Amino acid sequence: MPPAPKARPSNYKLPNKRPLMVYAFDPTAGRELNNYMKVSAPYEDLRPGPIGSRLAVIDYDASNHCYYEPVNLDHPSVIMSGGLEPSESDPRFHQQMVYAVASETISRFEFALGRPVKWRQTRHNKSDDPFHARLRIFPHAFQQANAFYDPDLRELCFGYFQASADDPGDNLPNQTIFTCLSHDIIAHETTHAIIDGLREYFTKSTNVD
């Protein structure tokens with residue numbers, strides 16, 4: 001038999017960026033003011049979650065004691081569409097949004113610094129941890145009007161809550177509001193984690209101010 005033909009070197013390169021849909025502001029702006037936009041997250045192979053080399057989105061809802069289906073950003077239908085369409089009701093889009101905005105925020109810091117950022121080391125960060133060396137993100141961490149960065153656990157935790165029945169503002173009365181769908185809040189909390197990795201004791205009080 002003749003020898004099998006040798007495979008030619010591929011002329012295709014992996015992309016540098018992964019376009020993903022997000023809210024430019026938050027859902028209250030609707031489709032107006034260019035509220036739907038695409039951000040360019042650094043491209044990498046992702047496990048459902050999404051879970052990459054730097055970030056791990058873990059969608060556990062502590063208030064309802066359940067996990068939500070993790071989004072697969074490497075599924076062909078998602079890749080071809082540039083990510084899932086913005087949705088207040090689909091937890092998978094919530095996962096996509098926190099990953100996309102956090103990734104873009106990290107990229108901007110690294111461009112300014114000229115080097116990769118590093119996460120702070122914690123006593124909970126053991127080598128056998130499946131999310132070792134990653135910043136963990138919980139889009140539906142608790143039912144409360146709050147979001148925060150936990151330096152001891154190296155986690156970003158986003159809450160959700162109901163709008164006021166009497167004075168809901170731009171929302172519907174008793175509408176569920178997700179802090180993980182606010183572009184500003186995600187970028188703000190991610191910045192806390194980045195700065196904590198740069199200067200571990202930056203948030204410690206050192207004087208009366």
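**Notebook: salt bridges and a buried glutamine**

I looked up Asp-196 and Arg-120 and found their side chains meeting in a salt bridge, 3.3 Å from N to O. This pair links distant parts of the chain, 76 residues apart. Asp-196 sits in helix α3 (residues 183-198). Arg-120 sits in the loop between α2 and β6 (135-143). I note that the model is a predicted one.

Next I checked burial for this pair. Asp-196 has 7% relative accessibility, so I count Asp-196 as buried. Arg-120 is at 16% and counts as buried.

I then asked how many salt bridges the structure holds. I found six.

I turned to Arg-136, which forms a salt bridge with Glu-155; their closest N and O atoms are 3.1 Å apart. Arg-136 lies in strand β6 and Glu-155 in strand β8 (residues 155-162), so the pair ties together parts 19 residues apart in sequence. Arg-136 is buried, at 16% relative accessible area. Glu-155 is buried at 10% relative accessibility.

I also looked at Arg-92 and Asp-90. They form a salt bridge, with the closest N and O atoms 2.9 Å apart. Are these two buried or partly exposed? Arg-92 is partly exposed, at 30% relative accessibility. Asp-90 has 19% and counts as buried, because buried means under 20%.

Last, I looked up Gln-96. I found Gln-96 in helix α2 (residues 91-113). Gln-96 is buried, with a relative accessible area of 0%. Leaving out residues up to four places away in sequence, I list what Gln-96 touches: Leu-20, Met-21, Val-71, Leu-73, Val-78, Gly-83 and Leu-84.

Technical notes: Residues numbered from 1 in each chain as written. Predicted model: local features only at pLDDT ≥ 70, side-chain atom pairs only at ≥ 80, totals over all residues. Heavy atoms only, no water. Helix = DSSP H or I, 4+ residues; strand = E, 2+ residues; numbered from the N terminus. Buried < 20%, exposed > 50% of the residue type's maximum accessible area, 1.4 Å probe, protein only. Contact = heavy atoms within 4.5 Å. Salt bridge = Lys/Arg side-chain N within 4 Å of Asp/Glu carboxyl O.
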